[in-house]
Amino acid sequence: MELASLIKGQQELFEQLKKAERNFRKSNQEIRSKHTYLTSRLEALNKLEQIFNQTHLEICAKVTVEQSVQSSYFKDDLQDSFQELFLLYKAVLMDHIALVNAPIHKACNHEKSITSSYSSDIKLPRIELPKFSGHYIEWETFFDMFVSLIHENVTLTDVQKLHYLKSNLTGEPEMLLRNFQTTAANYIEAWELLTKRYSNKRYNCNAIMKTLFGQKSIQVESATAIKHLLDTTTSCLKALNNVDIKTDQWDAIIIHLVVSRLDNESHRLWESDMSIADELPKWTQLEKFLETRFRSLEMVNTGKQSNNTTRLKIQQQEVRSKTFHSAINQNKSSPEPTCAMCNGPHYIYYCTDFKKQPVVERQKIAQSKKLCFNCLAPTHPVFRCAQKTSCRRCGRKHHTTLHFENVDKEAFRMRQNETRGEQSSNRTSSSMNESTVVANFSRGDLKTYNVLLATAVVKASSKNGSYIIRALLDQGSQASFVSEETVQLLGLKRTIVNGKVSGLGDGQLSVKYAVAMEIKSHHEPENNITINAYVLKSLTSLLPSREVVVPDWLELKNLPLADPRFALPGKVDVLLGADVYGEILLSGVKKSPQGDLIAQNTLFGWILSGRVAQHQNTGKVITLHAQVNEDELLKKFWEIENEPNTIERKLTREEQLCEEKYEETTRRREDGRFIVRLPFKNMDPQCQYGHSCDIATRKLHALERRLNKNPTLAIEYNKVLEEYTSLNHMREVTEEEKDKITSVYLPHHAVVREDKETTKVRVVFNASSKGTNNVSLNDDLLVGPKIQQDLRHLLLRWRQHPIGIVADLVKMYRQVLVHEEDTDFQRIMWRANPKLPIKHYKLLTLTFGTACAPYLAVKTLQKLAELEKDSYPLAAEITKRDYYVDDLMTGCETEEEALQIYNEMSKLMKSGGFQLQKWSSNCKEFLNYIEKEELNTEQSLTIKVDNMMKVLGIRWNRLTDNFEYVVNLEESHHPFTKRNVLSDVARLYDPIGWIAPVVITAKVFIQKLWKAGLDWDHELPNDLMTEWINYRHELKYMKDILIPRWLNCTKRSKLELHAFSDASSMAYAAVIYLRVVDDNNQVYVKLITAKTKVAPIEKELSIPRLELCGATLAVHWW
């Protein structure tokens, strides 16, 4: 017993060492830069090592030879592992101590002696090394500073010099030295590599010349542009002198270059100044002129800018009527051009302020100033413009600065519809096929009401603090959206997406980016939510469209309004859709005395919406509706239709890492059950810092509100979670453990499966729920490689056995335990009654919903087979080959083999903590042998590839040993549309291709829908409607098709594969049959698999080429 306690103490010391090393790596940079902190850790480490060595000597003195062979302490060589980790940890600590003790730079002795007398009175600023990003123009400065401060500093070691070198590199240089470890031996090689790459005068000179001669011309008078031209030229000349290129005699060249880049007015003034002298000007003269010029422009522009700002504010206070062009009479023409926007002496298309405006704003300015849309002159409308020029981008009759792209085209089209007479007829064809998410309608004779839409002023978080933005709450939108301007303001990280947004009308809008953002209430900042929003260039026009008068409502004065300026027109920065509407709304609704206006309580305050007044004049109705089209059913359908991948796939680096982590960390308990670790991508998962506890609390309240509306569902939901506790798959968190702030809480909800034969209510844990830092648990987990058997191959192997056997594992995921340290990443909140306090629980087993759970479950099953293959060789082989997730599909030739499979499989699964149930077979003798509680009493077994309810599914009848097709086609009482048709086609389940003629008919029909150009929700034409109804009606006869499961082959049979292919103008196909000759020379021919594809419609192919495609398909399919 004494020896066992000593070994246990050693193991505890080893765990303390690992924890100390791990905690040091988690500590922040500020703490690790303190000398006292590092020395304290070093002392504690040395004491720990001293105790471990003393105890190790005691164990060696007391242990016998037999004990040393059996003890895991000696077998695992715990002492060696301890020493290795000790040395690594100590080396890291000593390196950090050396870096802290070393000065950043030290002046030479001469300078030190001079300045020492003044050190008590004068404190010079610290010299910082410049960062080098790879630009050749930066190299000389960085090189000189680094050589002076670091490279020639004899007080620094080489490892310190390499540390300073790598920490001051970014971009390409950082990538160049990334693989150099921070050791003394690598410094010289790294420094020589860097200097060889960038100390190249020819390249440096070339880069400087490109910058000098590549400067852009200045189009209009601008102080900023002139200043930039001067600074760039001066910088380039100094850089050339630094690389020993003398520019003293370059005055004429530089003056010609710089003057050619000046705007017309500045060029004229320079020539005017130089015309009085006959000598060639000097560069210093031009420098002085440019400095004087940009200073005078700065003074002039300051006054103009304030006037323009006042003018713009006045213009924004009113919404002008939507009239594109009007001719104005001018009695007097100006001899010089005058800008219609800033009144400057230039044309408006040269105006900097005009160019800075978005395209829609430019159009508004041109409309309000009554300018020609083609030449931007104020003397005539566009249809009377005599200019032969047109847009340089599209060639149409408008100015290039008014050219619309993508989302702006729809706004342009809507405004075109507002014009009357000849102006409208000249331009309506320019953008008829474009679409946007916001539909704006305006007619002069439309009688509208002023309608308030629900808006809120919120705080949006960014890296630089919080910004106040305006949000529109729209329950008619299935997703949330944010404007491009807001994304740039907040500096949000974009994620590439590929989706479509549909609104009113026939159009769709492409969405390329999505962002995650956190918004807070400006009343109570602790009320915050994280939303995922799609990025659009613009959302809508000003809301409300004009200032409204709110009727007297005394209750409003005492309510904290979400948008105190709700009655004034303002832009919308973000649209909050129905995906977050439920989280925003709180209890509380008030109605105005007139009944037209309502107020609702939300996280951001009270929002107002409704009709406020009636107007007879021209208005604009804004209707918002958005839907992101993501048809998962259709995606699944085409995945099944894909050809098998015959190329052996190599594991990615993350998949290899996941495999290594599993092998290194998986342990097996004494009772045989496996304990796995969650495979994190890094040692410090960011999901633990996302404050998931607050999010889970809000989600729990929302779940309770849903369950309160459905008492039956609440009872079933509670039963499921009570089962978790009773089976020890979940335990309550103790009071001491609750304070751990890095725990990750998973929201959960109910999924009701009416097609499920057993439990219809399942609890789903949302491991993809993101925290306040926009990171979820699944984001930090490795998914692992695909190690699951393909269902098509599994079914084909199953058909080779005369006796078919099936069973499934009881709660497969929940039989694999998760390591105690990782259970804090699987916490949930629950209470059986909303009146009770909320309890915190840990999930102790693999959790359905985590990204790694499928891999860990299947890998554990395969690991069990590998470890027990000597005891159960037959069962181990079957486990590796004949499982589809938790469903066993195997077979044999004799009854004796069937009984052996049953006994071995039951023992093998039990040895790992698993249990097989619902055994079924076509062999009656085998079923009689099995205990009744383990039998599946159903006559048929449905074969599913996922949890989706199919229109057409496959079922195995064990009495007849045939595959049957099950039709689950509901009667449709609504009109058939393209969306309905695709939904039904996506549920046609035919993984092997036994009913390929049925599926190809549906594929050809889909092609017809695309050729007809129908919208998603438009009713089908009569001919297509009749064809589809007949097809649906004939599907019910599919239940008469029977496919024998057994291929009539044994181990002694002779087998031949025969492939056939053919093609028509509409499609091509391939089919494979198996010809079996048994011992009695009896011949059997069975259908193995088939595959069909439709002919392309964009490029019509000849019949011979389609037949070649069919032959290729036959080869690839097998």
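1. Confidence. Across the protein the pLDDT (the predictor's confidence in each residue, from 0 to 100) averages 79, and 82% of the residues score at least 70. Over residues 103-123 the pLDDT is below 50, and beyond near neighbours in sequence this stretch has 13 contacts in the model, a contact being heavy atoms within 4.5 Å. A pLDDT under 50 also holds over residues 309-335, for which the model has 36 contacts beyond four places in sequence.

2. Basis of the values. The model is predicted, and local features therefore need pLDDT of at least 70, while side-chain atom pairs count only at pLDDT 80 or more and totals for chains, interfaces and linings use all residues. Residues are numbered from 1 along each chain as its sequence is written, and side-chain values use heavy atoms, with hydrogens and water left out.

3. Overall make-up. The protein has 37 helices and 33 strands, where helices (H or I, at least four residues) and strands (E, at least two) are DSSP runs, numbered from the N terminus. Of the 1118 residues in the protein, 44% are buried; buried means under 20% relative accessible area, exposed over 50%, and partly exposed in between, with a 1.4 Å probe and protein chains only. Among the contacts with a separation of 6 or more, 69% are between residues 24 or more positions apart.

4. The sheet β31-β32-β33. These three strands form an open sheet in that order, with antiparallel pairing; two strands pair if DSSP finds at least two bridges between them. The edges are taken by β31 (1054-1063) and β33 (1083-1094), each of which has a single partner strand, so one side of each is left without a neighbour in the sheet. Direction ignored, neighbouring strands of this sheet are turned by 15° against each other on average, with axes that are lines fitted to C-alpha atoms (for helices over the stretch in contact) and angles that run from 0 to 180 degrees between N-to-C directions. Strand β32 (residues 1067-1077) is joined to β33 by 11 bridges, and Val 1077 has Val 1083 of β33 opposite to it. Helix α35 (residues 996-1012) lies across β32 and β33, at about 10° to β33.

5. The sheet β17-β23-β22. This is another open sheet of three strands with antiparallel pairing, in which β17 (730-732) and β22 (827-830) stand at the edges with a single partner strand each, so one side of each lacks a neighbour in the sheet. From one strand to the next the twist averages 35°. Four bridges pair β22 with strand β23 (residues 839-843) in the antiparallel sense, and Arg 827 has Lys 842 in β23 as its bridge partner. Helix α25 (residues 692-708) packs on the sheet by touching β22 and β23, its direction making about 40° with that of β22, whereas helix α26 (residues 711-726) lies across β17, β22 and β23 and runs at about 135° to β22.

6. The pair β18 and β19. Strand β18 (residues 748-752) is joined by five bridges to β19, and the two run antiparallel; Ala 750 stands opposite Val 763 in β19. Strand β19 (residues 761-765) is mostly covered, with four of its five residues buried.

7. Nonpolar cores. A nonpolar core is a set of buried Ala, Val, Leu, Ile, Met, Phe, Trp, Tyr and Cys residues joined through side-chain atoms within 4.5 Å. The largest has 71 residues, and those that touch the most other members include Tyr 717, Met 905, Trp 919 and Phe 926. Helix α30 (residues 853-867) gives the most to this core, with seven residues. A second, separate core of 36 residues includes Leu 794, Trp 994, Leu 1024 and Tyr 1031. Not counting residues up to four places away in sequence, Phe 926 touches Ile 805, Ala 898, Leu 899, Tyr 902, Trp 919 and Ser 921.

8. Glu 868. This residue is in the loop between α30 and α31 (873-881), and at 15% relative accessibility Glu 868 counts as buried. Beyond four places in sequence, Glu 868 touches Arg 668, Leu 908 and Ser 911. Its side chain makes a polar contact with the side chain of Arg 668 at 2.9 Å; such a contact is a pair of N or O atoms within 3.5 Å, where within protein one must be able to donate a hydrogen and the other to accept it, and residues adjacent in sequence count only if both atoms are side-chain atoms. The C-alpha atoms of Glu 868 and Gly 912 are separated by 9.4 Å, with the residues 44 apart along the chain.
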